[in-house]
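Subject: Structure handover

Hello,

Here is the structure I promised to pass on. Please open it first, then read my notes below with the model on screen.

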Amino acid sequence: MLHLSSHYLISLAQAADIDAITTLLQANSPSQGGSLTGEFSRDKVASMADGESPVIVARRAADGPVVGVLFSDAAATAQAPVVLAMLAAYRGSDKAYVYGPVCIADSERGQGLLVLLYSAMRARHGGAEAVLFIRRDNIGSLRAHERMGMREVAAFVFDGAQFAVYSDVIAAK
């Protein structure tokens, strides 16, 4: 799968992308002042990308750095404690998948890249329902996902933080 927009090259992640994805995630991790939930070691990223679920990446050029990434996981195989907490609050439909984490480089935010990543992921999952969580204090992400037509369907608390659960089931209809 390869999709060219006017500014971005969107494709499935390859093994050679693990280091670049790790660098992007680490730059946006909580220890660096970012809003991702959790830290992302290279081993963790490699493990997350080693499943049957697609990982979508974006670059400005074929040989350029990864400037955006969107992971997914089958809800039935999700194992991360925060994801299990989300699924306890809202599982979604039978074929729902876990959307995220998603991370976009600071330099690329507000340029429509999230929509491109989401569209590519949605196509890979055949239009199945995407279920995701966003920390309530991540206002930018909440607004961006609402602009794409996603809506809050549940809420939960994990490790003292409040999260909203979003679904695109409304956007899909």
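The notes below start with the whole chain and then move to its parts.

Please keep in mind that this is a predicted model.

**Overall**

The chain has six helices and eight strands. From the N terminus on, their order is β-β-α-α-β-β-α-β-α-β-α-β-β-α. The C-alpha trace spans about 40 × 35 × 30 Å along its principal axes. Buried residues make up 44% of the chain. Among contacts with a separation of 6 or more, 63% are between residues 24 or more positions apart.

Start with E4, residues 66–74. Seven of its nine residues are buried, so E4 is largely enclosed by the rest of the structure. On one side, look at E3. E3 and E4 are antiparallel and share five bridges. They form a hairpin, with six residues between them. Val-55 has Phe-71 in E4 as its bridge partner.

E4 also pairs with E5. Six bridges join these two strands, again in the antiparallel sense. Leu-70 stands opposite Val-102 in E5. Ser-72 has Tyr-99 in E5 as its bridge partner.

E5 covers residues 97–104, and seven of its eight residues are buried. Its pairing with E6 (residues 130–135) is parallel and has two bridges. Here Val-98 stands opposite Val-131 in E6. Between E5 and E6 the chain passes through helix H4, residues 113–124, and this β-α-β crossover is right-handed.

One more point on E5. Gly-100 and Pro-101 are joined by a cis peptide bond, with omega at about 5°. Pro-101 lies within strand E5.

**The cores**

Which residues touch the most other members of the largest nonpolar core? They are Ile-10, Ile-21, Leu-25, Val-69, Tyr-99, Leu-113 and Leu-117, out of 40 residues in that core. Several elements each give two or more residues to this core, including H1, E3, E4, E5 and E8. H4 gives the most, with six residues.

Leu-117 is worth a click. Leaving aside neighbours within four places in sequence, Leu-117 is in contact with Ile-10, Ile-56, Val-57, Ala-58, Gly-68, Val-69, Leu-70, Val-102 and Ile-104.

There is also a second, separate core of 14 residues. Among its members are Val-98, Ala-154, Phe-156 and Val-165. As background, nonpolar side chains in soluble globular proteins tend to be buried together.

Take H1 first, residues 18–27. Its buried residues include Ile-18, Ile-21, Thr-22, Leu-24 and Leu-25. Why do they sit on the same side of H1? They cover an arc of only 165° around the axis, which puts them there. The cover over the buried residues of H1 includes helix H2 (42–48), E3, E4 and E5.

Now H3, residues 81–89. Here the buried residues are Val-82, Val-83, Met-86 and Leu-87. Their arc around the axis is only 140°, which means that they are on the same side of H3. The face turned away from that buried side carries the exposed residues Pro-81 and Ala-88. The buried residues of H3 pack against E5, E6, strand E7 (151–158) and E8.

**A loop residue to check**

Last, go to the loop between E7 and E8, where you will find Asp-159. Asp-159 is not a glycine, yet it has a positive phi of about 50°. Is Asp-159 buried or exposed? Its relative accessibility is 72%, so Asp-159 counts as exposed.

**Where to look**

Go on to the cis bond between Gly-100 and Pro-101. Then follow the right-handed crossover from E5 through H4 to E6. Finish at Asp-159 with its positive phi.

Best wishes

Methods: Residues are numbered from 1 along each chain as its sequence is written. This is a predicted model: local features need pLDDT of at least 70, side-chain atom pairs count only at pLDDT 80 or more; totals for chains, interfaces and linings use all residues. Side-chain values use heavy atoms; hydrogens and water are left out. Buried means under 20% relative accessible area, exposed over 50%, partly exposed in between (1.4 Å probe, protein chains only). Helices (H or I, at least four residues) and strands (E, at least two) are DSSP runs, numbered from the N terminus. Two strands pair if DSSP finds at least two bridges between them. A crossover is right-handed if, with the strands pointing away from the viewer, the path from the first strand over the helix to the second runs clockwise. A nonpolar core is a set of buried Ala, Val, Leu, Ile, Met, Phe, Trp, Tyr and Cys residues joined through side-chain atoms within 4.5 Å. Contact means heavy atoms within 4.5 Å. The arc is that of the directions from the helix axis to the C-beta atoms.
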